[in-house]
Amino acid sequence: MSPVTMIPPGSTIGMLGAGQLGRMTALAAARLGYKVHVFAPESMDSSCGQVVAYHTQAGWHDRLALARFADDVDVITLEWENVPTETVEFLSRHVGVHPGAPVLAVAQDRLAEKRFANSLGIGTAPFHAVDGVAALKEAMAAIGGRAILKSTRMGYDGRGQVRLAPDSDLVAAWESLGADMAVLEGFVDFTCEISVIVARSANGATAAYPVAENRHRDGILDTTTVPARVTAPVAAEATRIALLMAEKLEVVGLLAVEMFVTPDGRVLVNEMAPRPHNSGHWTMDFAETCQFEQLVRAVCGLPLGSTSARGACVMTNLIGADADHWADYLAEPGTHLHLYGKGEARPGRKMGHINRPA
Ligand SMILES: Nc1ncnc2c1ncn2[C@@H]1O[C@H](COP(=O)(O)OP(=O)(O)O)[C@@H](O)[C@H]1O
Ligand SMILES: [Mg+2]
């Protein structure tokens with residue numbers, strides 16, 4: 001292991017992206033005595049902008065603003081994996097950016113993610129690259145049953161996806177997707193969905209959180225339960241997969257890997273994200289070290305914290321109008337409320353979450 005420069009408390013961490021993941025990272029960074037400078041196209045009143053010391057509102061290709069930002073900070077991390085890789089490469093010439101552009105190149109593209117997993121001997125749903133209606137027809141025939149068509153880039157919370165059956169109108173499906181490149185995946189009849197979040201620091205130290213069990217509603221994460229109700233071999237395999245992917249990608253920071261457990265006990269990778277993850281929000285109140293502090297530790301070259309759970313718990317997302325019930329959650333003993341400071345509670349918008357003992 002090569003010696004790594006430690007970025008001590010008092011330094012400034014640059015954050016690319018201004019959503020709730022950046023906000024919660026900034027709060028954790030502040031607890032350790034760091035300042036955060038957020039760079040994003042959004043205004044200062046963004047979820048993250050509200051809680052940071054410094055803010056640059058500029059576009060991802062504004063080189064002048066990027067250079068100034070890089071000069072002002074001691075290290076950079078991100079809360080959104082779709083920051084253009086050119087932006088990250090440019091910033092990397094001035095200051096360390098973790099995770100780096102090669103990790104983002106894989107994480108921004110569902111096809112690259114699946115191919116990467118398969119190259120390590122890790123299973124995925126059967127999939128085919130699709131660039132038009134003709135390829136979609138062939139891929140549907142090859143899969144031979146229910147399938148999901150996903151744009152390779154920019155999808156989140158179930159957006160950029162169409163569910164297909166053998167009799168679906170494929171022309172309409174392709175048009176509704178509105179992407180030039182997609183992946184068609186066979187539908188997995190999973191027994192449950194799980195995720196593992198791994199931290200890796202620049203000196204190669206790793207730490208994995210316990211396996212989390214995830215339930216989705218309308219394509220959006222609804223609840224995360226820890227520990228996941230899976231067998232010990234399934235939990236061990238999921239952890240092995242997440243650690244292997246983080247090591248092979250040489251991630252510095254966090255890697256969240258979403259997986260399906262099949263009825264015969266196989267673990268298939270669905271997707272990954274090299275940043276804090278919604279399925280890790282339980283760690284804020286029920287782990288020895290929360291995922292946001294762990295990210296700060298990893299990118300600043302500090303020792304990683306313990307990932308142990310303090311007890312069984314359930315995280316529930318507050319989507320849209322769910323957050324209007326904040327007073328009820330505050331009145332529940334043992335329930336921890338987190339709100340993201342977002343203005344309008346639009347349907348499908350993540351407004352906050354609650355952590356409760358299970
Ligand atoms: N191949 C699949 N088989 C069955 N369900 C799937 C499949 N792909 C996605 N899903 C369901 O859709 C959800 C969202 O898909 P995902 O690929 O994770 O995209 P997103 O980026 O929107 O989270 C998954 O958590 C899962 O519940
Ligand atoms: Mg997902």
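Colleague: Is aspartate 218 buried or exposed, and what is its relative accessible area?

Modeller: In this predicted model, a residue counts as buried under 20% relative accessible area, exposed over 50% and partly exposed in between (1.4 Å probe, protein chains only). Aspartate 218 is therefore exposed, at a relative accessible area of 72%.

Colleague: How are the residues, chains and ligands labelled, and which pLDDT limits apply?

Modeller: Residues are numbered from 1 along each chain as its sequence is written, chains are lettered from A and ligands numbered from 1 in the order in which they are written, and side-chain values use heavy atoms, with hydrogens and water left out. As this is a predicted model, totals for chains, interfaces and linings use all residues, whereas side-chain atom pairs count only at pLDDT 80 or more and local features need pLDDT of at least 70.

Colleague: In which loop is aspartate 218 found?

Modeller: Aspartate 218 has a positive phi of about 50° although it is not a glycine. Most residues other than glycine have a negative phi. Helices (H or I, at least four residues) and strands (E, at least two) are DSSP runs, numbered from the N terminus. By that numbering, the loop that holds aspartate 218 is the one between strand E11 (212–217) and E12.

Colleague: Which loop holds glutamate 250, and what is its relative accessible area?

Modeller: Glutamate 250 is not a glycine, yet it has a positive phi of about 55°. Its loop runs between H8 and E13. Glutamate 250 counts as exposed because its relative accessible area is 58%.

Colleague: Which residues coordinate the magnesium ion, ligand 2?

Modeller: Donors are N, O and S atoms within 2.8 Å of the metal (3.2 Å for Na, K and Ca); water is not among the atoms, so the site may look incomplete. Two OE donors, at 1.9 to 2.3 Å, come from Glu258 and Glu271. The pair links distant parts of the chain, 13 residues apart: strand E13 holds glutamate 258 and strand E14 holds glutamate 271.

Colleague: Which residues come nearest to ligand 1?

Modeller: A residue is near a molecule or strand if one of its heavy atoms lies within 4 Å of it. The shell of ligand 1 divides into 6 nonpolar, 6 polar and 8 charged residues; Ala, Val, Leu, Ile, Met, Phe, Trp, Tyr, Cys and Pro count as nonpolar, Asp, Glu, Lys and Arg as charged, and the others, Gly among them, as polar. Of the 20 residues around ligand 1, the nearest are Lys150, Gly158, Val188, Glu193 and Glu271.

Colleague: How far is a nitrogen atom of ligand 1 from the side chain of glutamate 185?

Modeller: A polar contact is a pair of N or O atoms within 3.5 Å; within protein, one must be able to donate a hydrogen and the other to accept it, and residues adjacent in sequence count only if both atoms are side-chain atoms. Oxygen atoms of ligand 1 lie 2.9 Å from a polar side-chain atom of glutamine 161 and 3.0 Å from a polar backbone atom of aspartate 157. For the nitrogen atom and an N or O atom in the side chain of glutamate 185, the distance is 2.8 Å.

Colleague: Why does ligand 1 lie between two domains, and which are they?

Modeller: Domain bounds come from an automatic or database domain assignment. Ligand 1 lies between two domains because both give residues to its shell: domain 2 (126–186) and domain 3 (192–357).
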